[in-house]
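Subject: Structure handover

Hello,

Here is the structure for you to look over. My notes on it follow below.

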Amino acid sequence: MFSEKLGLTLLFSILVWLGATLFFVFFGSMVLVDPYQQDFFMRFLLLEIATAVVLYIVFVIFRKLDPSPYAVVKLGLIGSAVGLIIDAFVLWNRDVFFSGLSSEQLLAFTIWMSFAYGLYLLIPLFMRKENK
């Protein structure tokens, strides 16, 4: 199950991480707000809905390239692992990657990231192809 098309899975994992990270490098100061502000929850909710839609599209594309029954589950697991490992170094070096974000915005990013990885793991479970 996990050895089939591993290169494609790793490529998609890195591309998903890169896309999300670059989004927040370029637009983070505009979309991330202090978690202690009243409008945080609505912005957070909108970001997570957009994240879920983008992840769903990525999983649909991936499933077309790898039609095996557990392809999207594999991407969710490996993609989350790869992303979390890379994000540990990104957060460690926040001044390099997120120099334009305040401490409150970095906290908002970390909250978004934690929830987004939950989506990355859960969405494939609802998309998995059943063997017929």
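First, a term for the notes: a residue counts as buried under 20% relative accessible area, as exposed over 50%, and as partly exposed in between, with a 1.4 Å probe and protein chains only.

This is a predicted model, so to speak of local features takes pLDDT of at least 70 and side-chain atom pairs count only at pLDDT 80 or more, while totals for chains, interfaces and linings use all residues. Residues are numbered from 1 along each chain as its sequence is written, and side-chain values use heavy atoms, with hydrogens and water left out.

**Salt bridges**

The structure holds three salt bridges. The term means a side-chain nitrogen of Lys or Arg within 4 Å of a carboxyl oxygen of Asp or Glu. Side chains of opposite charge can pair when their charged atoms come close.

- Aspartate 66 pairs with lysine 74, with the closest N and O atoms 3.2 Å apart. Both aspartate 66 and lysine 74 are buried.
- Arginine 94 pairs with aspartate 95, at 3.4 Å between the closest N and O atoms. Arginine 94 is partly exposed, at 21% relative accessibility. Aspartate 95 is exposed, at 57%.
- Aspartate 39 pairs with arginine 43, at 3.5 Å between the closest N and O atoms. Aspartate 39 is partly exposed, with a relative accessible area of 34%. Arginine 43 is partly exposed too, at 33%.

**Transmembrane record**

UniProt, in an unreviewed entry, lists residues 7-28, 40-62, 71-93 and 105-127 under "transmembrane region". Its positions are given in the numbering used here, feature names are shortened, and annotations may be inferred rather than shown by experiment. In the model, residues 71-93 are 96% helix and 0% strand, with the end C-alpha atoms 32 Å apart. Residues 105-127 are 100% helix and 0% strand, and their end C-alpha atoms also lie 32 Å apart. Helices (H or I, at least four residues) and strands (E, at least two) are DSSP runs, numbered from the N terminus.

**Helix packing**

How do H3 and H5 pack? Helix H3 (residues 71-92) meets H5 at about 165 degrees, with the axes 8 Å apart. Axes are lines fitted to C-alpha atoms, for helices over the stretch in contact, and angles run from 0 to 180 degrees between N-to-C directions. H3 and H5 are therefore roughly antiparallel; angles over 145 degrees count as such, under 35 as roughly parallel, 65 to 115 as roughly perpendicular and the rest as oblique. Residues in the contact (heavy atoms within 4.5 Å) include Gly76, Gly79 and Gly83 of H3, and Phe109, Tyr117 and Tyr120 of H5.

H5 (residues 103-127) also packs with H1: their axes come within 12 Å and cross at roughly 155 degrees. That makes H1 roughly antiparallel to H5. Among the contact residues are Trp17 and Phe24 of H1, and Phe109, Trp112, Tyr117 and Tyr120 of H5.

**Two residues to look up**

Leucine 11 sits in helix H1 (residues 6-31). Leucine 11 is partly exposed, with a relative accessible area of 46%. Glycine 79 is 68 residues from leucine 11 in sequence and 9.2 Å away in space, C-alpha to C-alpha.

Isoleucine 111 belongs to helix H5. Isoleucine 111 is partly exposed, at 29% relative accessibility. Leaving aside neighbours within four places in sequence, isoleucine 111 is in contact with Pro35, Phe40, Phe44 and Glu48.

Best wishes
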